[in-house]
Amino acid sequence: MIGVTKLLCDSENFGDRLRYAHGSQGQKHGAVAGYGPVVAWNVSRTCNLNCIHCYSDSEDKDYPNELTTEEAKKFIDDLADFNVPVLLLSGGEPLMRPDIFDLVAYATEHKIRVTFSTNGTLITPDVAKEIKKFGVGYVGISLDGIGENNDRFRGKKGAFNEALEGIRNCLAIDQRVGLRFTINRHNFNQLEDIFRLIEEEKIPRVCFYHLVYSGRGGSMMEEDITHEESRQAMDLIMDKVLEFQRKNFDCEILTVDNHADIVYLYLQMLKKDPERAEKVWKLMQFNGGNRTGIAFANVDSQGFVHPDQFTQNHTFGNVKERPFGEIWTDTSKSEILAGLKDRKPLLKGRCSQCKWLNVCNGNFRARAEAVTGDFWESDPACYLTDEEIGLK
């Protein structure tokens with residue numbers, strides 16, 4: 001994640017302690033010294049929607065061999081032993097798992113910060129109260145367009161209104177909530193509308209995701225935005241961060257899954273505000289770029305451990321058989337896991353020659369593999385020019 005508001009405005013948010021901490025770049029098995037990684041756990045593959053970009057290819061049906069309540073609690077015990085700071089509950093749709101609040105309570109009792117990644121359509125006023133009651137730190141609700149555009153993307157008429165009500169129901173009781181938006185060819189022209197919605201609804205946090213070609217999203221390579229449009233999107237996001245600051249509207253804005261963003265932001269600040277650029281540069285050194293396999297992990301609904309939720313074709317072990325911490329630190333059984341801990345010598349193409357490698361760390365491996373078939377090739381979604389990365 002790139003904390004655009006943090007970089008441009010010196011905001012202070014919970015995640016910044018993990019993203020921009022001294023010494024975080026040198027870690028091999030966790031976010032910062034003394035801690036394990038942030039873990040995204042697909043608590044269930046079942047989902048009430050049918051999104052066209054779903055990385056887990058979920059449907060509204062039961063899936064076999066998912067962790068039982070007992071197995072899930074043992075898994076949480078292991079996460080606590082490994083000092084995992086944040087557990088992101090995702091799916092499918094996490095709110096469709098019957099014991100979800102039992103698991104939330106168990107994790108918070110173990111001092112793990114619990115967050116939700118949800119489509120929001122099931123968050124009634126009563127569900128919002130349950131979320132707050134059990135101490136969920138943050139709820140990220142996905143919207144991928146306005147009105148019918150979102151509904152087409154989500155595969156259900158009325159999904160936009162239901163998700164928006166979910167956001168409103170959280171805001172009404174001061175449950176921390178935010179919006180998740182995956183930029184693609186079908187909604188790029190609605191970015192201004194999304195920002196208008198954010199301001200009108202007073203949504204305090206927004207994550208703009210770059211499209212990753214995984215699961216059903218694997219068929220959307222040709223529906224990604226162009227490199228020039230990526231630059232335009234980043235220009236708009238930066239402008240809106242500064243506009244919101246001038247208006248004293250407190251909204252944390254981040255971008256996700258493309259570390260070219262932080263380099264582009266820095267280069268723009270060099271032109272517009274060199275003093276600010278110097279501060280951005282220092283924060284970039286702390287962050288260290290993409291750290292899936294190090295500071296971020298994924299565990300699917302059956303207990304298999306992956307580098308991240310978009311790279312479930314690579315598996316390192318199963319938490320039903322070994323504690324998570326053992327799997328995450330054992331590089332003897334997977335060349336991919338070992339490589340991710342120290343990937344720079346393995347990278348190819350533009351990534352291997354890029355002068356920003358220390359602050360990007362090779363960007364997103366899942367996209368590189370999806371397009372080229374080679375896990376260590378260059379990320380095709382890097383929109384920096386050859387001149388900007390030092391090849392000319």
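View 1. At 6% relative accessibility, Leu 8 counts as buried, because buried means under 20% relative accessible area. The model shown here, as in every view, is predicted. Leu 8 belongs to helix α1, which covers residues 4-9. What does Leu 8 touch, beyond residues up to four places away in sequence? Its partners are Met 238, Val 241, Leu 242, Leu 265, Met 269 and Arg 276. Ile 294 is 286 residues from Leu 8 in sequence. In space, the two C-alpha atoms are 26 Å apart.

**View 2. Helices α8 and α9 pack at an angle of about 20°.** Helix α8 runs over residues 191-201, and helix α9 over residues 227-246. Their axes are 11 Å apart. The angle makes α8 roughly parallel to α9, because angles under 35 degrees count as roughly parallel. The crossing of α8 past α9 is right-handed. Which residues make the contact? From α8 come Leu 191, Glu 192, Phe 195, Ile 198 and Glu 199. From α9 come Ala 233, Leu 236, Ile 237, Lys 240, Glu 243 and Phe 244. Of these contact residues, 7 are nonpolar and 4 are charged, with no polar ones.

**View 3. The largest nonpolar core has 99 residues.** In soluble globular proteins, nonpolar side chains tend to be buried together. Which residues have the most contacts inside this core? They are Trp 41, Phe 116, Ile 198, Phe 208 and Phe 324. Helix α10, residues 260-272, gives the core its largest share, 8 residues. A second core is separate and has 7 residues. Among them are Leu 18, Ala 21, Ala 31 and Val 86.

**View 4. Phe 208 and its contacts.** Neighbours within four places in sequence are set aside here. Phe 208 then contacts Phe 181, Ile 183, Leu 191, Ile 194, Phe 195 and Ile 198, among others. Its contacts also include Ile 237, Ile 253, Leu 254, Thr 255 and Val 256. Leu 191, Phe 195 and Ile 198 also take part in the contact of α8 with α9. So does Ile 237, from the α9 side.

View 5. Most residues other than glycine have a negative phi, and most peptide bonds are trans. The peptide bond from Gly 91 to Gly 92 is cis. Its omega is near 10°. Gly 92 sits in the loop between β3 (86-90) and α4 (100-109). Asp 257 has a positive phi, near 75°, and is not a glycine. Where is Asp 257? It lies in the loop between β8 (252-256) and α10. Asp 257 is buried, with a relative accessible area of 11%.

View 6. Asn 361 lies in the loop between α15 (357-360) and α16 (365-372). Cys 351 is 10 residues from Asn 361 in sequence. The C-alpha atoms of Cys 351 and Asn 361 are 8.3 Å apart.

Conventions. Residues numbered from 1 in each chain as written. Predicted model: local features only at pLDDT ≥ 70, side-chain atom pairs only at ≥ 80, totals over all residues. Heavy atoms only, no water. Axes fitted to C-alpha atoms, helices over the stretch in contact; angles between N-to-C directions. Helix = DSSP H or I, 4+ residues; strand = E, 2+ residues; numbered from the N terminus. Parallel < 35°, antiparallel > 145°, perpendicular 65-115°, else oblique. Left-handed = near helix turned anticlockwise from the far one by under 90°. Contact = heavy atoms within 4.5 Å. Nonpolar A, V, L, I, M, F, W, Y, C, P; charged D, E, K, R; others polar. Core = buried A, V, L, I, M, F, W, Y, C linked by side-chain atoms within 4.5 Å. Buried < 20%, exposed > 50% of the residue type's maximum accessible area, 1.4 Å probe, protein only.
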